[in-house]
Amino acid sequence: EEVAQLCGVSPTWYTWIEQGRPVSASADALARIAVALQLSRAERAYLFELAAQRDPAEPDPAAQDAPAALLKSVELIDAPAYVLDRQWNALRWNAQASALFAGWLDGVQDRNLLAFTFTAPGAQSLIVDWETRARRLVAEFRADSIRHLNDAPTRALIDSLSAASDAFARFWASQDVGEREGGAREFNHPTRGRLVFDQITFKPAHREDLKLVILVGADAAGLPSR
């Protein structure tokens with residue numbers, strides 16, 4: 001009851017929170033609970049993660065630049081690698097990634113991974129089992145963007161892709177969600193033929209809106225590193 005008073009909420013509602021009942025909690029209410037319980041930074045982050053809410057005390061990741069060290073690290077990786085932002089725009093990539101993803105990370109094309117997958121002319125021939133991979137990609141993006149689906153850039157991306165691609169609109173309407181998984185990724189490269197990699201995705205500490213994606217495997221040796 002004392003904690004409830006400190007948080008400015010009813011004792012009954014706070015008891016339901018403690019019991020794990022399915023009640024709705026605003027970000028502001030969660031912030032007051034975190035202060036009243038004197039949660040550590042990690043504990044506070046976990047609280048907001050469980051509630052699928054953004055901590056109002058944290059700066060908006062979209063307004064922050066990607067860490068320079070993260071971007072620089074891409075150039076040091078001897079395999080196709082790239083960094084994605086919260087809308088899955090490529091912020092940095094290395095020469096191997098540029099050579100692999102013709103039509104996305106070479107030239108002056110749209111750097112958005114979803115836009116490439118669903119609207120680039122060569123994407124369906126490059127990505128082996130395109131429909132399965134594309135459907136999975138949309139499910140992963142829905143899960144990844146659940147806390148900022150109503151942000152203007154995310155909403156604009158979804159609307160534009162839905163208008164440009166019947167497949168994207170269909171997959172998005174299915175409401176499927178899925179964790180971004182690693183595992184085998186196969187490509188039919190226009191000049192190097194069939195290439196197979198294992199994909200690994202890393203999220204930097206305190207910048208989970210960013211992703212470092214690396215494609216490892218013997219086939220990486222055949223891609224130019226300069």
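1. Rings of Phe, Tyr and Trp (for Trp, its six-membered ring) form a pair if their centres lie within 6.5 Å, and a pair counts as stacked with planes under 30 degrees apart, as edge-to-face over 60, and as tilted for the rest. By this rule the structure holds 13 aromatic pairs. The structure is a predicted model, in which local features need pLDDT of at least 70 and side-chain atom pairs count only at pLDDT 80 or more, while totals for chains, interfaces and linings use all residues. Residues are numbered from 1 along each chain as its sequence is written, and side-chain values use heavy atoms, with hydrogens and water left out.

2. On the overall make-up, the secondary structure of the protein comes to 11 helices and five strands, where helices (H or I, at least four residues) and strands (E, at least two) are DSSP runs numbered from the N terminus. Buried residues make up 41% of the 226 residues; here buried means under 20% relative accessible area, exposed means over 50%, and partly exposed lies in between, with a 1.4 Å probe and protein chains only. Among contacts (heavy atoms within 4.5 Å) between residues at least 6 apart in sequence, 49% join residues at least 24 apart.

3. Which rings make an edge-to-face pair? The rings of Phe 101 and Phe 187 have their centres 5.4 Å apart and their planes at 85°, so this pair is edge-to-face. The pair links distant parts of the chain, with Phe 101 in the loop between α6 (95–100) and α7 (113–119) and Phe 187 in strand β3 (residues 183–189), 86 residues apart. Both Phe 101 and Phe 187 are buried.

4. Phe 168 and Trp 172 give a stacked pair, at 5.9 Å centre to centre and with 15° between the planes. Both residues lie in helix α11 (residues 166–173), four residues apart, which is about one turn of the helix. An α-helix has 3.6 residues a turn, so residues three or four places apart point the same way. Phe 168 counts as buried because its relative accessibility is 0%, and Trp 172, with a relative accessible area of 11%, is buried as well. Ala 173 is also found in helix α11, but at 54% relative accessibility Ala 173 counts as exposed.

5. The five strands of the open sheet stand in the order β2-β1-β5-β4-β3, with antiparallel pairing, and two strands pair if DSSP finds at least two bridges between them. The edge strands are β2 (90–93) and β3, each of which pairs on one side only. Neighbouring strands of this sheet are turned by 30° against each other on average, direction ignored; axes are lines fitted to C-alpha atoms, for helices over the stretch in contact, and angles run from 0 to 180 degrees between N-to-C directions.

6. Strand β5 (residues 211–216) pairs with strand β1 (residues 81–84) in the antiparallel sense over four bridges. In β5, Ile 214 is the bridge partner of Ala 81, and Leu 212 is that of Val 83. Five bridges join β5 to strand β4 (residues 193–202), again antiparallel, and Leu 215 in β5 is the bridge partner of Gln 199. Strand β5 is mostly covered, with five of its six residues buried.

7. Which residues of helix α5 are buried? They are Leu 70, Leu 71 and Val 74. These residues cover an arc of only 100° around the axis, which puts them on the same side of α5, the arc being that of the directions from the helix axis to the C-beta atoms. The buried residues of α5 pack against β1, β2 and β5, whereas Ala 68, Ala 69 and Leu 76, on the other side of α5, are exposed.

8. Pro 67 lies in the loop between α4 (41–50) and α5, and is partly exposed, with a relative accessible area of 31%. Leaving aside its neighbours within four places in sequence, Pro 67 is in contact with Arg 207 and Leu 210. Pro 67 and Pro 204 are 137 residues apart in sequence and 9.3 Å apart in space, C-alpha to C-alpha.
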